[in-house]
Amino acid sequence: FLNMAISFGRELDKDFAIIDWDASMYAPAGAPGLDTAAIEIAAGTEGVKRVEPVLANTIEYADETYPVYGMTDTPLYQLELREGRWFTNDEARLGLPVAVVGPNAARVNGLEPGDTITVTTSGGEADLRIVGVDRNQQDSGRAIYVPLRWLQDTTGWGESTNMLWLSMTPTDDRGIDRTTNAVEDALTADGYRVAPEKLYALKADNEAANDAILNMITMVGGV
């Protein structure tokens, strides 16, 4: 039971090991989209090293709803592919219909690189060619990653997204807090509405959850 608990905790930790951003800004439903001006505001804030736009949405495939993320070819996300590849710079820039799928989405649907699937977005049906299968368990291994431009075009988001990932120069919690607050204040002052999240806080919550699970398993196992 102890080995099971440790193994489970390590799997949960992996979800955070793949993240290269320090904080994120999410525009909730009904809020103005985060456009080029929002990116420039965030990028111009002291302490921000890099801003990565991401569009989070859903798509329908095989009578199921899957989370989909529109990303660039160089996301703040550590790629760990089981098969195939990530999309190229040209595929990302042109918004070509390619996708990397999570391991459970691939397993359940028998998907592998080279397959073409027909999905339904808020803008209608579209074909996607699978170019890679991820190893990571983002969204329980059901996430689908596509070029940001493709998802913007097919869902009618235009130049906007609903999430910004921020890489920062400060490495301490207080510095990250200060920079995150500054970005949120600057965006709010310009009419945007965002909900910030900080990676170090998410990790702390995850560690607390791991400890609770470990204690529960060891108590059940009598360790």
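Which residues do ring pairs link into a cluster? Ring pairs link Tyr69, Tyr77, Trp86, Phe87 and Tyr145.

1. Basis of the note. This is a predicted model, in which local features need pLDDT of at least 70 and side-chain atom pairs count only at pLDDT 80 or more, while totals for chains, interfaces and linings use all residues. Residues are numbered from 1 along each chain as its sequence is written, and side-chain values use heavy atoms, with hydrogens and water left out.

2. Aromatic pairs. Rings of Phe, Tyr and Trp (its six-membered ring) pair if their centres lie within 6.5 Å; planes under 30 degrees apart count as stacked, over 60 as edge-to-face and the rest as tilted. The count by this rule is six aromatic pairs. Tyr69 and Tyr145 are stacked because their ring centres are 6.0 Å apart and their planes stand at 25 degrees.

3. Helices (H or I, at least four residues) and strands (E, at least two) are DSSP runs, numbered from the N terminus. Tyr69 belongs to strand β3 (residues 64-71) and Tyr145 to strand β8 (residues 144-147), so the pair ties together parts that are 76 residues apart in sequence. Buried means under 20% relative accessible area, exposed over 50%, and partly exposed in between (1.4 Å probe, protein chains only). Tyr69 is buried at 12% relative accessibility, and Tyr145 is buried at 2%.

4. Tilted pair. Trp86 and Phe87 form a tilted aromatic pair, with 4.5 Å centre to centre and 35 degrees between the planes. Trp86 is buried at 7% relative accessibility, as is Phe87 at 3%.

5. Charge over a ring. A charge sits over a ring if NZ of Lys or CZ of Arg is within 6 Å of the ring centre and within 35 degrees of the ring normal. The charged end of Arg142 sits over the ring of Tyr66, at 4.3 Å from its centre.

6. Salt bridges. A salt bridge is a side-chain nitrogen of Lys or Arg within 4 Å of a carboxyl oxygen of Asp or Glu. The whole structure contains nine salt bridges. In one of them, Glu52 and Arg50 have their closest N and O atoms 2.9 Å apart; Glu52 is buried at 4% relative accessible area, whereas Arg50 is partly exposed at 30%.

7. Further bridges and a network. Arg149 and Glu159 form a salt bridge, with their closest N and O atoms 3.3 Å apart. Arg149 lies in helix α5 (residues 148-155) and Glu159 in the loop between α5 and β9 (163-168), ten residues apart. Salt bridges that share partners join Arg85, Glu91 and Arg129 into one network.
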